[in-house]
Amino acid sequence: MIYVGIDVAKDKHDCFIINSEGVVLFKAFTISNNREGFDGLFQKIRSVCPDMSKLKVGLEATGHCSYNILGYLLDKGLPTFVINPLHTNLYRKSLSLRKTKTDKVDAEPLL
């Protein structure tokens with residue numbers, strides 16, 4: 001299984017791609033919140049996961065900021081899940097006593 005985590009923001013999104021064995025396929029990278037950025041993300045996903053039935057994409061529910069990328073991913077047929085930001089925040093806090101709040105850390109999927 002391949003997992004894609006996306007931390008959504010207004011102008012850009014931070015993404016992270018990992019497999020079920022914990023191997024990082026693409027370290028945290030940033031895409032623009034536009035068609036060009038979405039196409040770049042899709043190309044990276046296709047390069048590591050030609051079989052979309054073995055893929056899960058998760059992104060935080062951020063209201064209107066996530067609508068464009070969510071629509072794009074769903075139009076491409078990618079299994080995409082919208083996650084409550086409160087849940088991701090509490091999970092991140094449970095992993096460490098450090099305050100490691102960054103968009104790149106938030107993009108790492110919840111395994």
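Visitor: Which residue follows α2 with a positive phi?
Guide: Gly77 does. Its phi is near 80°. Keep in mind that this is a predicted model.

Visitor: OK, α2 itself. Which of its residues are buried?
Guide: Ile69, Leu70, Tyr72 and Leu73.

Visitor: What do the buried ones pack against?
Guide: Several elements. Strands β1 (2–8), β2, β3, β4 (55–60) and β5 (80–83) are on the list, along with helix α1.

Visitor: Switching to rings. How many aromatic pairs are there?
Guide: Two. One is Phe26 with Phe29, and that pair is edge-to-face. The centres are 6.0 Å apart, with 65° between the planes.

Visitor: Is Phe29 buried or exposed?
Guide: Phe29 is buried, at a relative accessible area of 10%. Phe26 is partly exposed, at 23%.

Visitor: What about the rings of Phe38 and Tyr72? Why is that pair called tilted?
Guide: The planes are at 50°, so the pair counts as tilted. Edge-to-face would need over 60 degrees, and stacked under 30. The ring centres are 5.4 Å apart.

Visitor: Where do those two sit in the chain?
Guide: In distant parts. Phe38 is in helix α1 (residues 35–48), and Tyr72 is in helix α2 (residues 67–75). They are 34 residues apart. Both Phe38 and Tyr72 are buried.

Visitor: Which charged ends sit over rings?
Guide: Lys44 has its charged end over the ring of Phe29, 3.9 Å from the centre. Lys76 places its own over the ring of Phe42, at 4.7 Å from the centre.

Visitor: Back to Phe29. What stands opposite it?
Guide: Cys15. Phe29 is in β3.

Visitor: In which sense do β2 and β3 pair?
Guide: Antiparallel, over six bridges. Strand β2 covers residues 12–19, and strand β3 covers residues 24–32.

Visitor: How many residues lie between them?
Guide: Four, and the two strands form a hairpin. Check Gly22 in the turn: it has a positive phi of about 90°.

Methods
Residues are numbered from 1 along each chain as its sequence is written. This is a predicted model: local features need pLDDT of at least 70, side-chain atom pairs count only at pLDDT 80 or more; totals for chains, interfaces and linings use all residues. Side-chain values use heavy atoms; hydrogens and water are left out. Rings of Phe, Tyr and Trp (its six-membered ring) pair if their centres lie within 6.5 Å; planes under 30 degrees apart count as stacked, over 60 as edge-to-face and the rest as tilted. Buried means under 20% relative accessible area, exposed over 50%, partly exposed in between (1.4 Å probe, protein chains only). A charge sits over a ring if NZ of Lys or CZ of Arg is within 6 Å of the ring centre and within 35 degrees of the ring normal. Two strands pair if DSSP finds at least two bridges between them. Contact means heavy atoms within 4.5 Å.
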